[in-house]
Amino acid sequence: MGRACLYLCALLVCLGLFAGCKAKKEIVASLPDLYGKWGVVELNGERLDPSVTRQELEFDVLRKGLSGSAGCNRLMGAIEYNEEHPRIIRFLRIATTRMACPDMAGERALLKALEEVVRFETVSVSRPITEIAFYGASDNKLIVIKKQ
């Protein structure tokens, strides 16, 4: 009887563990999730501090517009997005002001990465979404932004 009780207890523990390990539902970001100001926290695999780099993006989802700071210069552009393909996104007609700055490398890298973006997905594991990653055509992670 003792061995049967032991097996029964082990079975109940296993069932409890499996019940507790429910599959997490994937959080899918869409254009409305991008609304507002975001700091660029990763660019081409390099972690960044937006308070130092001054790189931030602001998304106006109603007008499908993009604005912000590339680090020194202000940037603006358009967002191409179709609700039927919620992970696909492109940034078009990106333009900047033309101030000369001591170090333009980070700014050039951000602008190049924005032009290469073809899709995005959440980095956050729950709502509200606080981090989003943008990827290029070869599925390389280009930019990660964090909600400000």
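Arg47 is exposed, with a relative accessibility of 54%. In this predicted model, Arg47 pairs with Glu42 in a salt bridge. A search of the whole structure finds seven salt bridges, and the pairs Glu42–Arg47, Asp60–Arg63 and Arg119–Glu121 are described below. Side chains of opposite charge can pair when their charged atoms come close.

- The closest N and O atoms of Glu42 and Arg47 are 3.2 Å apart.
- Glu42 is buried, at 10% relative accessible area, whereas Arg47 is exposed, at 54%.
- Arg47 counts as exposed because its value of 54% lies over the 50% cut-off.
- Lys141 joins Glu42 and Arg47 in a network of salt bridges.

**Asp60 and Arg63**
- Asp60 and Arg63 form a salt bridge in which the closest N and O atoms lie 3.1 Å apart.
- Asp60 is partly exposed, with 24% relative accessible area.

**Arg119 and Glu121**
- A salt bridge links Arg119 to Glu121, with 2.8 Å between the closest N and O atoms.
- Arg119 has a relative accessible area of 17%, so this arginine falls under the 20% cut-off and counts as buried.
- Glu121 is partly exposed, at 25% relative accessible area.

Definitions and conventions: Residues are numbered from 1 along each chain as its sequence is written. This is a predicted model: local features need pLDDT of at least 70, side-chain atom pairs count only at pLDDT 80 or more; totals for chains, interfaces and linings use all residues. Side-chain values use heavy atoms; hydrogens and water are left out. A salt bridge is a side-chain nitrogen of Lys or Arg within 4 Å of a carboxyl oxygen of Asp or Glu. Buried means under 20% relative accessible area, exposed over 50%, partly exposed in between (1.4 Å probe, protein chains only).
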